[in-house]
Amino acid sequence: MRFVLRVTAAGLAGAALGSAAGYAAGDPSRQTPIKVTVDLGKPGQHMFVPNQLKFETGKLYKLILRNPSTDPHYFTSHNFSQMVWTRKVQVVQTRDGKPTTLAEFKGAIREVEVYPGHAAEWWFVPVQAGRTTDLRCGITEKGGKTHADLGMVGEIVIE
């Protein structure tokens, strides 16, 4: 008994394209990011707005951290940083009405500080589901209390 396997160039090309398309669908670098904006404080108030965030594993997010207040603020969550793959963090400034990237950081990010009137963008893909309540701003006021002590805390859920 003899078996003959015939493979045509068109068959190879179709198989290659099918495989490439399959890989691209799961490639976070090719996804359009889901934008989520968090305000770090308000003038005279220490809070995250919103203070409850929800993300989904496998999707690319662009978390825009804006600081409309008159104080610097941290976006800190050590648990969250362990549950995501960070693609990059960008320092962004508005020039002539358009956002301009001034710097970009890659690698493990645990904390982002944003100065008054500025913004940063954290691009990430959640890789582990879970819930964490360790989102906080750890800046200490002159009286010894942190912004977290004054209510700047939050919760992050990854499904």
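**Exercise 1. Is His-46 buried or exposed, and what is its relative accessible area?** Then place His-46 in its strand and list its contacts.

Before starting: this is a predicted model, where local features need pLDDT of at least 70, side-chain atom pairs count only at pLDDT 80 or more, and totals for chains, interfaces and linings use all residues. Residues are numbered from 1 along each chain as its sequence is written, and side-chain values use heavy atoms, leaving out hydrogens and water.

*Solution.* 
1. His-46 has a relative accessible area of 16%, so it counts as buried (under 20%; exposed is over 50%, partly exposed in between, with a 1.4 Å probe and protein chains only).
2. Skip the neighbours within four places in sequence, and His-46 is in contact with Asp-71, His-73, Glu-141, His-147, Leu-150, Gly-151 and Met-152 (contact: heavy atoms within 4.5 Å).
3. Now check His-147: 101 residues from His-46 in sequence, yet 6.0 Å away, C-alpha to C-alpha.

**Exercise 2. Which residues of S8 make up its covered face, and how does S8 pair with S5?**

*Solution.* 
1. Take S8, residues 111-114: Val-112 and Val-114 form the covered face, while Glu-111 and Glu-113 sit on the uncovered one.
2. Strand S5 (residues 73-76) runs antiparallel to S8 in this pairing, over four bridges (strands pair if DSSP finds at least two bridges between them).

Key:
Helices (H or I, at least four residues) and strands (E, at least two) are DSSP runs, numbered from the N terminus.
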